[in-house]
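Q: Please take a close look at one part of this model, then carry on to a few others. Plain wording will do.

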Amino acid sequence: MQGVIDGVTYEIPTHVAVIMDGNGRWAKKHLMPRVMGHRQGGKALEQACEDIWHLGVKYFTVYAFSTENWKRSEEEVSGIMDILRKYLATAAERCNRENMRMRVIGDRHILAEDIQSEIHRVEEATKQNTGLQFTVAINYGGRDEIRRATAKIAKEVAEGKLDPNEINDQVIADHLDTWELPDPDLLIRTSGEERISNFLLWQLAYAEFYFTDVLWPDFKREHFIEAIRYYNKRERRFGGRK
């Protein structure tokens, strides 16, 4: 879909995914505890939702907490969970004000019960909203997602609900956490790292990747525009030829 940004016409990616990296480095740079970097990253995320919607993007998915992040210090993990609680407490009101729908992907059963309840409340409160389709990956890992999808498919086969010969790409996609979402067109990773770190392994098969040295708390509208400019320089063939 085409859109006009600052007087210039661009092809706007329908779905943008972001690995929000660099919160800890931002805090270190500013001589603050790591948790302050995560708080600043949360503020950047709120602004990013507004910016990306106004740029014409319909789906926005962010990597907030991975299945591997539990290995971090107890203090840091506890701080991130407290930030998540505060974010969820006001998320429904904020999303409804902006007509934004919020989903959470990942294995939420490991999360504290109060966080699980808040996630369910926000998802239910915003499920009719037709604006930005905002997805947050929490306790998410691409391999874990595929493992869970495989287990669901195996169970359906064992119960006689699914013929193994009918298992194709669409069947697998329909059992993933992102079954309601189109695959991302563009992946952005901040802070200079150039890997996908177990994020959306299935869904990113044909996404364009944009890496930037900008730390996530410093990522602004102009940086999204730079990523969209990069995206417009790519020729997307999906394995074919033009």
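A: Ile 167 is partly exposed, with a relative accessible area of 33% (buried is under 20%, exposed over 50%, partly exposed in between; 1.4 Å probe, protein chains only). The model is predicted: local features need pLDDT of at least 70, side-chain atom pairs count only at pLDDT 80 or more, and totals for chains, interfaces and linings use all residues. Residues are numbered from 1 along each chain as its sequence is written, and side-chain values use heavy atoms, without hydrogens or water.

Ile 167 sits in the loop between helix H5 (142–158) and helix H6 (169–174) (DSSP runs numbered from the N terminus: helices H or I, at least four residues; strands E, at least two). Leaving aside residues up to four places away in sequence, Ile 167 touches Ile 153, Val 157, Leu 162 and Ile 172 (heavy atoms within 4.5 Å). Of these, Val 157 is ten residues from Ile 167 in sequence, and their C-alpha atoms are 9.7 Å apart.

In helix H4 (residues 113–126), Ile 115, Ile 119, Val 122, Glu 123 and Thr 126 are buried. Seen down the axis of H4, these buried residues fall within an arc of 100° (directions from the axis to the C-beta atoms), so they line one face of the helix. Helix H3 (74–97) and strand S5 (101–105) are among what covers them.

Ile 5 has Val 8 of S2 as its bridge partner. In the hairpin of S1 and S2, two residues lie between the strands, and Asp 6 takes a positive phi near 50°.

Note on methods. Pairing = 2+ DSSP bridges.
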